Amino acid sequence: MLIQPRPKRSLLETVLLFEILQGMALTLKRLFSKPVTRQYPDEKRQPFLGFRGKHALVRDPQTGESSCVACLRCATVCPSQCIYIRYHEEEGSGRRVVDRYDIEALRCIYCGYCAEVCPVNAIVLTESYEYSAYDRQTNYFDRGRLLNNWDAFVKESGHDPVAYVNPFWRPRGVDEATLAGPRRRKVPEEWTRAGQPVGRLCRSQDSEVLAEGVQR
Amino acid sequence: MMGTEFRNLAVPVRDGESELFTVQMGPQHPATHGVLKLNLWMDGETVVRCDPDAGYLHRGFEKIAENKTYAQFLPLTDRLDYISAMANNVGYCVAVEALLRIEVPLRAQYIRTMVAEMARITGHLLWLATHALDIGAMTVFLYCFRERGLLLDLFEELSGARLTTTYTRIGGVRQDVTARAMEKLARFVEEFPSRIAEYETLIDTNRIWLKRTKGIGCVSAEQAVQLGFTGPSLRASGVDYDVRKHRPYCAYDKVQFEVPIGVNGDVYDRYRCRMEELRQSALIIRQCLEQLPPGAIVADNAPDLVMPLARPRQPMAGSSLATGYIELVPNNDVYPEGDVYVSIEGSKGELGFYFVSDGGGRPYRMHIRSPSYIHIGGLATVCEGVLVADVIAIIGSLDVVLGECDR
Amino acid sequence: MEPLAIAEKIKNQFPAEVIEVVESRGQVGVIVAREQIGAMCRWLKDEPELRMDHLLALCGVDYVAKNGTYEVVYNLCSIPLRHMIRLRARVPADDCRIDSVTCLWRGADWLERECFDLLGIVFDGHPDLRRILLPEGWEGYPLRKTYPLRLPAEQEWQGYVQLKELSRELSRFDFYSDMLSNQAKAGANEAKK
Ligand code: SF4
Ligand code: SF4
């Protein structure tokens, strides 16, 4: 397809500055519509559910501690290798106990991989996005800070600390039933296969309609 | 102090008859679209020689890739062409899937097509905004960002981030689309053509715009192919080359669209090509929305993010921290040996990935064919003999992003 | 044209040059010797049945550990005929040079420079072969497999050492208290007035 050249300006249009007036008219029209800009520091923006912001360790309502089982999946997958975990195994039961869990947020690239691979929804990225600081230490999160981040997030956003879950906490495309059970949070139907939106042409089960649409 | 610095910037050099000036434009120059530096040798206002100097943003991506798993490199592709990160995600995943022989489900293909086109729109809108701003049309900038904001909101809803999306995954996409996002997108594509008309009202026939763009920076078809130009910069010269048509990927063979071709290959034609592409992108998205099939969004044999065979090394006795060091066992069943070159049509041009696998869990070698790098390489040829003010228009019209150029 | 047929054609035209034809993921790579690479590319470009007019990508790969060579990989495609082929020219590690193809594709200029910059392969006949992505004084070629990921502190590149020095100095500077003291000063000035 060749691009369409514009018709030449007529003499009258040239003399009357027609196209410039047209542009001005558009600008003038805009003057009376609602502005789309937001006066940021005064007017805060509510990020979407699942925005990848500040890290947090979810505080387990039962124990008051994080539910991390020290499987090291998050530390393994982290592309910038900014998660440091130290753990020991409990005598007898062999259960892993986390001694230290640090995240160097200034090296993080906010890919969300850690939250995605965590089998028990322990490490998450919260929707809080304002945490710049004057020094590097403030954004070096140890376990206590990460748990506090969670408390702060729940308090600020008003989410229910027990029920809150966002789509990025769960591994992609996996059936909820196959996931490690009790420690994970329940997700609404909307995010599962059953609730997925499909195109108009595919809504009827008739596959011929689709084939037709594809050919068209 | 100031005086000596200034003299360093413009040193008169005797060269035969005339007196040549060297001017260093950039790397901190608002019109070079990033940290690009141009060494210009000028005779009065005419550029005699132009020597672009790249590499200020070099982060060694190709070396990093050799030391990360395939999945771990994916977030870094966001940082290539950071203006349309989604397209890079798609390109990278398409290439890795070709290497690992993974079949992507149809629904994921459609979603990818859709987000890649959304990325093209965001990329072109930012290009139009800054290009017009460079040339002096401030208003367009504001209008473009209005629409770009809508799309970035959609990206945030789909992927959790506005710019560094990391949305696709090897074998599919991260997250299924929601009905609400689809509705919003449908409304956006309905409205978008009228918005394009608005931009065109502002500049398309504006006499200043025409004076600044028509007949400036002409690249003939032959020259464009010689220089390796791709994307709208090549098509504006009249060459019909679009990866979406030549080597279709994702669902591009299932949707209908046209490829706008220019005639003169000047700044104005490149502008017109991109404007038409915006319309075509909206058309593609609309078709995808209509045809979006039900089904899985990741392939069954897609590797886990913690890629198979990648096991954390046992923390050694006495070592302080167990970090993410990974031991990889070469295994030809999962990561077959071989090499593959796969490219997609990014918003700047052909974005290609050349992979070599030796059977290990990491790429043995990965080369990124970035369109911006090649376009800047060609800048020297295009800029010869033009006025210095036109250099700005030419850089703008080639649509370069330095994150992608320097890698 | 089918990629294997193209490889066959190349083999017939340059029987002495072609070392091996490898197929991978439906794409065909022709491993060739480096001597005739210029002539081969010219032929590929001009042959009416092939018309490989578009140089998709040019890059180097380090195979020294495997067989003592580097490879310069040319991904070529034909815009009018819509087919592609890959040439992989072997360059021995002890004599890292190959002919430049800049006379055929102007766009190869920067690609070859990048290849030289990162892998140290010298392109004979290149008009302006110098470092491009890395700083001028850089030592070594990072994409070689022997290039260390981390050097002992004393061997680090001087430019980087200086940069680290500077950032350490700046991190000692306490912006916050500086800002506070500035504000206090401004307040005091105001009060004086
Ligand atoms: S978001 Fe990504 S980079 Fe940041 S800590 Fe998690 S895995 Fe690491
Ligand atoms: S992935 Fe989850 S459970 Fe495993 S170590 Fe990380 S935070 Fe703990």
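Start by selecting B:Asp399, which counts as buried at 3% relative accessibility. Buried here means under 20% relative accessible area, exposed means over 50%, and partly exposed is in between (1.4 Å probe, protein chains only). B:Asp399 sits in the loop between helix H14 (388–398) and helix H15 (402–406) of chain B. Helices and strands are DSSP runs, numbered from the N terminus: helices are H or I with at least four residues, strands are E with at least two. Look at the backbone too: phi of B:Asp399 is near 55°, a positive value in a residue other than glycine. Most residues other than glycine have a negative phi.

A quick word on what you're looking at: this is a predicted model, where local features need pLDDT of at least 70, side-chain atom pairs count only at pLDDT 80 or more, and totals for chains, interfaces and linings use all residues. Residues are numbered from 1 along each chain as its sequence is written, chains are lettered from A and ligands numbered from 1 in the order in which they are written, and side-chain values use heavy atoms, with hydrogens and water left out.

Next, jump to B:Cys250. Its phi is positive as well, near 45°. You'll find B:Cys250 in the loop between helix H11 (243–246) and helix H12 (267–291) of chain B. Is B:Cys250 buried or exposed? With a relative accessible area of 11%, B:Cys250 is buried.

Now pick B:Thr165, in the loop between helix H6 (138–159) and strand S5 (168–169) of chain B. Its relative accessible area is 1%, so B:Thr165 is buried. What is B:Thr165 in contact with, leaving aside its neighbours within four places in sequence? Show the contacts (heavy atoms within 4.5 Å) and you'll get A:Arg52 from chain A, plus B:Asp78, B:Ala85, B:Met86, B:Asn89, B:Phe155 and B:Ser159.

Stay in chain B and select helix H3, residues 70–77: 8 of its 8 residues are buried. Among them are B:Tyr70, B:Phe73 and B:Leu76.

Time to colour chain A. It has 6 helices and 5 strands, and from the N terminus on they run α-α-β-α-β-β-α-β-β-α-α. Of its 216 residues, 41% count as buried. Among contacts in chain A between residues at least 6 apart in sequence, 65% join residues at least 24 apart.

Last stop: chain C, with 6 helices and 7 strands. The radius of gyration of chain C is 26 Å, well over the 16 Å that the globule rule gives for 193 residues, so chain C is more spread out than a compact globule. That radius is taken over C-alpha atoms, and the rule is 2.2 Å times the number of residues to the power 0.38.

Colour chain C by domain: domain 1 is 3–147 and domain 2 is 150–193, with bounds from an automatic or database domain assignment. How many Å separate the centres of the two domains, taken over C-alpha atoms? The answer is 48 Å.

Finish on C:Lys66, in helix H3 (residues 64–67) of chain C. C:Lys66 counts as exposed, at 61% relative accessibility.
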